[in-house]
Each structure stands twice: as C-alpha cells, then as structure tokens.
Amino acid sequence: MEFDYLVIGAGSAGSVLASRLSEDPQVRVGLVEAGPADRSVLIHCPAGLAVLAKNGQANWGFETVPQPGLGGRRGYQPRGKVLGGSSSVNAMIYVRGQREDYDAWAAAGNPGWGFDDLLPYFLRAEDNARGASAWHGTGGPLHVMDLCDPNPHSAAFVEAGRQAGFPVNTDFNGPTQEGVGMYQVTHRRGERCSAAKAYLAPAMARPNLTVITGAQALRVVLDGRRAVGVEVQRGGRREALRARAEVLLSAGALQSPQLLMLSGIGPADELQRHGIAIAHALPGVGRNLHDHVDVVQVVDAPRITDLFGLSLPGAWAVWRGIGRWRRERRGLLTTNFAEAGGFLRTDAAEATPDIQLHFVIGKLVDHGRKTVFGHGYSCHVCLLRPRSRGALTLASANPLDAPRIDPNFLADDDDTARLVRGFKLMRRILQQPALAALGGRELAASAGAQSDAQIEAFIRSHADTIYHPVGTCRMGPDEQAVVDARLRVHGLQGLRVVDASVMPRVVSGNTNAPVIAMAEKAVDLIRADARGAAPAVPQAQPEPAAA
C-alpha cells in the first residue's frame, strides 16, 4: 500500500485529484474515502436528495456547538460520506461566484488565484450543454445543463422577480451574476453528475489508481518535517499507507483541519489541551471558519403538488414520476428542487449582490429535514459574504469523534442587518402577482414578523447553514495562514490541502463548482512542482465581453 500520491477524501476535490493525477501511467495514486461506493439510487436520481437530507444516508450528519446568534440552537452540518463526497448529496447547482471573490484572494497575497487565473480551470472542467463560449466549456468531465423538466412554478418565481423590479438573468455564470433566473445543474442524461461520476468513474479501471472505501483517516504520518503517509482505520483494523511524493488532504473544511490537529499540526494550545504531541505548531489551523447563513420563508399552497408534502395526490405524483424516471430518465424526479433563484443587492450602494435566493417547490420546514403534510413552496435567503468568523477545534484526541464546529453565526451585526434586508426583498418577490395567483399563505412563524426587530427575531430562531463551510486551512502568506498559494502546508514538505478549507473567504454562491476548479488548478501545481517547472495554464478562451 505505497503510492506516489495519497489523496484523503473522495469528494469534489479528491475525485478530481485522483482522476487527473492517475492520467500519468507512471504515477501511482491512492484515494481513501471513509464512506462507501456511490451505488444508492437515491444519489443518482436527482430527487433522491429529498430523502438523503432526511435520513442521513451517505452523510456525516455533524452538528455545530450551540450558537448564541441563533438563540442557543445547534446548527446542522451535513457532509458527504461516500464517493463523490458532498457532490453526491448536494442540490447540484452550478454556480461559480463573482469575479471579485477570486480577485480578493489574489489581492490578499495569493498570486495565481484571481478570476482570470481560475476561469480556464472552470472551462476545463465543464461540459456545458449550452455549448462552448467565452464563459462556458465543453468536453470536460463535469456535465452542466439546464433542467430537462423544470417545474412550471419555478418560472412563476422568475416572473415574480421581474414584477418586483429585478432583472431576469439567463446565466448566473455569464457576464454578470445579478438578477433572478433558473439555475444550471450538474446533471447528465437525467441523473446526478457528481464529482465521482464525472471524474472517478471513467478512471476506475486504471491499474495505477487504487480507491479504498470504508477507510477513515486517523492521522498524517510525519518523518521530521515531511509527510510520508497516513494511518487509516478500515474494518476495525489500523493500517499505514505510504506516500512517496505527497499526501493531499481533501477531507473538507471540517475534517481536513481536524486531521491536521490529530497529527500534531495546529495551534499549540489546542493540541496541548488534548494531550497531542506538537509536531508542527501552526496557529491558523481550524481558524477562520465561516459559512453561508440562511433562512427560509415557507408558504402553504394546497393547489401545488410537490414531492415534499405528504398527501394522496403527492404520493400518486411520486409513483408516476418513479416510473417515468426509470423508463426515460425524465419527469418529476429529475428536479433538484432549488430550480430557480437569484442574486440581489440589499442596498443600492453595494457593488455586487450580497444575498442569494433559492426557490423550492415544497414546504421546507426546518430546512426540509422535517416531513410535513400538504403542499406549498419555500424560498431561502442566504448571506453571501458573512463577516462572522468561528473556529473548528477538536472535541477530543479520539480520531473517531466528530470535531467541534463553531461557525459563530450572526456574531457580526452587519450580517444580521443584511439578512433582514434580504428577507424583505425575498418577501417582496413572493408577494408579486405571479406567485400570489397560486393562492399561497405564508406560515405563521414568519408571517408575524413585519418590523425589522421581528424579522431579526424570526431569523435568529430559524436560520441555519446552507452547507458551504470554508476557510479553516486558509491560503495566504501570513502567520495565520495554513497553506501557501501552491496549497502546500506552511513549514512542512510533501503535504498539501486541496478543498474548500483553503478559501480565504467564501465565494458568492454555491461552493461545489469552485472546489472542482481549484482542484483542477492544484493538479497543475502538483505536476509543476514534481517537474521543478512553472505550471502550465490551460489554453485561454476568447476574452469574455464586459458586463
């Protein structure tokens, strides 16, 4: 069990790394995943995500510590535990974020990470059904498309947004992000196109790629200042896996820093508190945790038939939908639920949108984790660039214990004020004629919140994450950074982190597509370092037209 490259975590980043690095037949790659293979039909059928969200299948199912900003409630932190990681259980939305997100990374001392640097990697990864352009790629592993059978009520939301005075945007990944519209999704022929399906599945037959499932990483093995392997637990037994060239941590924003600390790499006081010998003091490990905080307004609309609410018409629709999906890979079960949405500015003075909307056909009580009777629709409002910062720390020195997750939601008053303004914009859209025609009624929990103070109270009692934790192994040149601009852990050799944990600041949108592009770039950095040369840059597309 000795490899050139040992990748820990088979999620969005790990799948890319293992597939791309194993393209070289002279390189031996090992990929370690704690979860099982992605065989469940609930993963491959897009609408299966509604069940995955409730039953915890293929999911670590973490919780935060009690959050003072949320009235002492614990937040839910689902993370994929399966080949494909969170890309196998997410809502499949393909969004890159804003140019300014990446340019801010570069300006913070991370050369090579501006938007123009990353765009070629987005294009390399993408096989967009709309065809190639300055903004979209074709021929890449990740299939991106418009929904084949969108719910007609999603179009009603877009029309309501137009009626409320917002521009309609037909491409959130085009020249501008602002407006309301339909999301593109990572689907292929009516099925989810996870990172595992896009990248790993075509590579599985390669003799130089070994994929090990059901193996939880326990610690990185160091020889002095060099990472030489990883200790894992599989089938109740501990095994040592060796890496001749590099260990690549892609366990995600919650578990990559946990694994570093379990290995004696991290803040000295945190390691000493748990009796872990300090191998390499690195104060920034686990710090800078932040996430997209989000709140949902739910509307009861009996005229709608959706897949969430329990009813005889709903059960019949599901039964018919199952038959059509099995026969044609079309119909109701190809939905990703969050079919439409928008990116809006809560203040005209904002240079770019600071909130995101996800419109869902279904009553998402407790963010969809509770089963409800009857039908309706919901709308998320998400804060794109939160100022609040928390930390990921250890609960104990036992590698099998979940980490201690504290995003510190709504600790900054600016976050709360923006979310209140965003909630009012969302409500304005939902009250427009296009949706009012459905005869819906806002649930009492939010309907009574009219003043800013009442809306804030509703938010604090109902908000939670929309599942985009980042930042805990921050990229940068300063003493609080964990990795450099080549994603190498500061002060160590043979060890990189490649996942959302290295983001200095969360992108303005869903994080799956950015992580895949970051991993594509990381492959070039790894290959260049192995050759002792500068990384090759993918051939540029024509310069995109200005917005």
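**Entry 1: a pair of phenylalanines**

I began with Phe423 and Phe458, and both are buried. Buried here means under 20% relative accessible area, with exposed over 50% and partly exposed in between, for a 1.4 Å probe and protein chains only. I noted next that this is a predicted model, where local features need pLDDT of at least 70 and side-chain atom pairs count only at pLDDT 80 or more, while totals for chains, interfaces and linings use all residues. Residues are numbered from 1 along each chain as its sequence is written, and side-chain values use heavy atoms, with hydrogens and water left out.

**Entry 2: confidence**

I looked up the pLDDT, the predictor's confidence in each residue, from 0 to 100. The chain averages 94, and 95% of the residues score at least 70. Residues 540-547 fall below 50. Beyond near neighbours in sequence, that stretch has 12 contacts in the model. A contact means heavy atoms within 4.5 Å.

**Entry 3: aromatic rings**

I used this rule for rings of Phe, Tyr and Trp (its six-membered ring): they pair if their centres lie within 6.5 Å. Planes under 30 degrees apart count as stacked, over 60 as edge-to-face and the rest as tilted. The count comes to 11 aromatic pairs.

I checked Phe172 and Phe343. Their ring centres are 5.1 Å apart and their planes are at 70°, so the pair is edge-to-face. Phe172 lies in the loop between helix H6 (152-163) and strand E7 (179-182), and Phe343 lies in strand E19 (residues 338-344), so the pair ties together parts that are 171 residues apart in sequence. Helices (H or I, at least four residues) and strands (E, at least two) are DSSP runs, numbered from the N terminus. Phe172 has a relative accessible area of 5%, so it is buried. Phe343 is at 0%, so it is buried.

I then went back to Phe423 and Phe458. They form a tilted pair, 5.6 Å centre to centre with 55° between the planes. Phe423 is in helix H11 (residues 413-430) and Phe458 in helix H14 (residues 452-462), 35 residues apart.

I also found one aromatic cluster, formed by Tyr102, Trp105, Phe115, Phe122 and Trp135.

**Entry 4: charges over rings**

I looked for charges over rings: NZ of Lys or CZ of Arg within 6 Å of the ring centre and within 35 degrees of the ring normal. The charged end of Lys81 sits over the ring of Trp60, 4.2 Å from its centre. The charged end of Arg329 sits over the ring of Trp325, 3.8 Å from its centre.

**Entry 5: strand E18**

I asked how many residues of strand E18 (residues 293-300) are buried. Eight of the eight are, so E18 is largely enclosed by the rest of the structure. In a regular strand the side chains alternate between the two faces of the sheet. In E18, Val293, Val295, Gln297 and Val299 point one way. Asp294, Val296, Val298 and Asp300 point the other way.

I traced the pairing next; two strands pair if DSSP finds at least two bridges between them. E18 pairs antiparallel with strand E21 (residues 376-383) over seven bridges. Asp300 stands opposite Gly376 in E21. Two bridges join E18 to strand E24 (residues 441-442), also antiparallel. There, Asp300 stands opposite Arg441. E18 and strand E25 (residues 464-465) pair antiparallel over two bridges, and Val293 stands opposite Thr465.

**Entry 6: a hairpin and an open sheet**

Strand E12 (residues 215-223) runs antiparallel to strand E13 (residues 226-234), joined by eight bridges. Arg219 has Glu231 in E13 as its bridge partner. This hairpin has two residues between the strands, and Gly224 takes a positive phi near 70°.

I also found an open sheet of three strands, in the order E17-E22-E23, with antiparallel pairing. Its edge strands are E17 (287-289) and E23 (404-406), each pairing on one side only. Strand E22 (residues 390-393) pairs with E23 over three bridges. Leu392 has Ile405 in E23 as its bridge partner.

Leu495 is in strand E26 (residues 495-497). Its relative accessible area is 1%, so Leu495 is buried. Leu495 and Val247 are 248 residues apart in sequence, yet 5.0 Å apart in space, C-alpha to C-alpha. Leaving aside neighbours within four places in sequence, Leu495 has contacts including Val220, Ala227, Leu249 and Leu260.

Last, I checked helix H1 (residues 12-21). 10 of its 10 residues are buried, so H1 is largely enclosed by the rest of the structure.
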